Amino acid sequence: MRRLALGVLALLLLAAAPDPTITLDDFEDLAAWKAVPSDGLDAALSSTDGLHGRALRLDFDFHNHGGYVVIRRDLPLDLPENYEITFQVRGEGPPNNLEFKLIDPTNENVWWFNRRDFEPPREWTESRIKKRHIQFAWGPKGGGEIRRVAALEIAVTAGKGGRGFLLLDDLKITPLPPEHPYTLKPRLTASAPDAGKALDRDPETAWRAPAGPAWIAVDFLERREYGGLIVQWEPGRFAIRYEVQVSNDGAAWTTLRTVSGSRGGRNGKDYLYLPETDSRHLRLRLLESAGPQGYGLAEIAVQPLEFGASLNALFQAIARDATRGRYPRAFSGEQPYWTVVGVDADTSEALFDEDGRIETGKSSFSIEPFLFVDGKLIAWADVQTAQSLEDGDLPIPSVTWKSAPLSLTITPVAAGEPGKSFLSARYRIANHGAAPVSGRLYLAVRPFQVNPPWQFLNVPGGVAPIRKVSWDGRAALVDGTTLVPIDLPNGFGAATFDEGDVTDRLARGELPAGTRIEDPFGHASAAFAWDLRLAPGEERDVRLAFPFHSEARIPQTGFEELLNAERKRWREKLDRVEIRLPVAAEPVIPTLRSNLAYILINRDGPGIQ
């Protein structure tokens, strides 16, 4: 095995060679590696057949709880100005987080690249990590970039947990030329004239082509890295179905993304997520137009790598272009505050935020309320909100919207025994005005967590997958979670990502047409709708429930009965201990009681989540 301590001079000399790639470890000998699992986990290292010669095999078993398995070796290494690290990987097991870490000589500062929800490929696959992917993780240095490495770690941390194995081979580093701005002006060709109008940064001009198959291609004149595209269409002249293709020679094309079922995008724009794309040529192959008038392509905006850095970055870009309130506040850079809703000692809970959104489980989709009155969609940004706890100290929260003359109060209650618990939420709409009010309550099912995008340790926040949605007239099944409207809605509809966000339809007082959809991009949305007709002083309750566990059974009891039972249960738990403080400090007592309740909710047996 070649054990290498690379100096800056050696790398500079190698950069001038035809192939500057250096093998850091070929895994022919595993003596330098050791496995370090967290408590309660099993890990074993062994040698096996690799892609070339021998490979490292890591077997792991999380035994149905969280933690990590780390493999580590000392590797003195001076990093060049720019570089790419590659290794071959294959394996089996459920999705977990794969972390690649570089540790400096102090052994206290760590830089990493964290691949969330990494599902081991069954065949050998090359993993590429460029310098820009490696971020400061933790340590007293507080930031900056790493230039001198003392050790390397590869870790599997619990996502789904479970058991499985990873095989690693051919760990290499390649010095790269410095990143530079692109100064060459792209050249456009197309199946119809005036292709340049699609890249002139003027949305008032457009490239047009007749209905039927068509294409438009961009030649960057050199290989270029980018993170995605924003394709802007003229009204009514969009492609329902098209392919995004790339090439380095202009002859052999690879399809990176197929858009199907587009309705003209979000406000006339299709946001195309193309992470880490590197090509000289780019082509849109248009397969079907929205109507006989054909295509009107106003602008192709090539996006920087940051646009495709993550799905969170994609939705943050979409939210920036949208009306405030159409997307959760965290995607606009605003801090959301939230609390936990669950029962004592259960392993599953929901999150509930200050705007009334309910996250249905760990890293799962959320349910978000909207009102539609007088032709206007009312969202969290259009109302005054207030938050409270039942009796002031019980872990049963409520959020109240006020938008005269209406108020909407959302109260989620978790009930049942650990392992068989469920959540029931009441949406109470009241008319405080002097005239009748008609409108709609929408409960949107959206591919976003309550946990914000900037949460990245332990449980990454931001987006959440929604791949399959179906509605049978009584319940909706969303990626295995059953949403049960106790009060049947007047309508339900679902849409894929390519068909547009559900809020675009809700703003028009409509629902998506789909009742059974599957989204290849994995970020669908849906909504329930209840028609409202409220006389002055009248109020109406709408209830929605879902189980935390497959063994849970949702009772048909009324919400008040359920609420009273949980209020009594929590009062018995929290009133066992009397808390006395000086009169001036008595307002702190409800805070102490509610925090005791949250400790109970967050415990899993003897441990705290």
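**Strands, rings and a pocket**

Tutor: Strand S27 (residues 406-415) and S28 run antiparallel and are joined by 10 bridges. Please keep in mind that this is a predicted model.

Student: How many residues lie between S27 and S28 in their hairpin?

Tutor: The hairpin of S27 and S28 has 6 residues between the strands, and Gly416 in the turn has a positive phi of about 100°. Across the pairing, Ile410 stands opposite Tyr427 in S28.

Student: Which strand is joined to S28 by 9 bridges?

Tutor: That strand is S36 (residues 539-547), and S28 and S36 run antiparallel. Within this pairing, Ser424 has Ala545 in S36 as its bridge partner.

Student: Why is S28 described as largely enclosed?

Tutor: Burial is judged by relative accessible area, with under 20% as the cut-off. In strand S28 (residues 422-431), 9 of the 10 residues are buried, so the strand is largely enclosed by the rest of the structure.

Student: Let us turn to the rings. How many aromatic pairs are there?

Tutor: Two rings are paired if their centres lie within 6.5 Å. By this rule there are 20 aromatic pairs. One of the pairs is formed by Phe331 and Phe448, with 4.9 Å centre to centre and 55° between the planes, and it is tilted.

Student: Which parts of the chain does the pair of Phe331 and Phe448 tie together?

Tutor: Phe331 lies in the loop between helix H2 (311-321) and strand S20 (338-341), while Phe448 lies in the loop between strand S29 (437-446) and strand S30 (468-471), so the pair ties together parts that are 117 residues apart in sequence.

Student: Are Phe331 and Phe448 buried or exposed?

Tutor: Phe331 counts as buried at 3% relative accessibility, and Phe448 is buried with a relative accessible area of 0%. Ring pairs also link Phe331 and Phe448 into a cluster with Tyr273, Phe315, Tyr327, Phe497 and Phe521.

Student: Which residues lie over the faces of Phe497 and Tyr327?

Tutor: Arg266 lies over the face of Phe497, 4.2 Å from the ring centre. Arg446 lies over the face of Tyr327, 5.0 Å from the ring centre.

Student: What is the volume of the second largest pocket?

Tutor: Rolling a probe the size of a water molecule over the atoms shows where empty space is left. The second largest pocket has a volume of about 320 Å³. It is lined by 15 residues, of which Pro186, Leu199, Arg201, Arg224 and Ile300 are the closest to its centre. Strand S19 (residues 295-303) gives the largest share of this lining, 4 residues.

Terms used. Residues are numbered from 1 along each chain as its sequence is written. This is a predicted model: local features need pLDDT of at least 70, side-chain atom pairs count only at pLDDT 80 or more; totals for chains, interfaces and linings use all residues. Side-chain values use heavy atoms; hydrogens and water are left out. Rings of Phe, Tyr and Trp (its six-membered ring) pair if their centres lie within 6.5 Å; planes under 30 degrees apart count as stacked, over 60 as edge-to-face and the rest as tilted. Helices (H or I, at least four residues) and strands (E, at least two) are DSSP runs, numbered from the N terminus. Buried means under 20% relative accessible area, exposed over 50%, partly exposed in between (1.4 Å probe, protein chains only). A charge sits over a ring if NZ of Lys or CZ of Arg is within 6 Å of the ring centre and within 35 degrees of the ring normal. Two strands pair if DSSP finds at least two bridges between them. On a 1 Å grid over the protein atoms alone, a cavity is a set of points where a 1.4 Å probe fits but cannot get out, and a pocket is an open set with protein on both sides within 12 Å along at least five of seven lines; lining residues have an atom within 4 Å of a point. Grid points are joined across faces, edges and corners, and a volume is the space filled by probe spheres set on the points.
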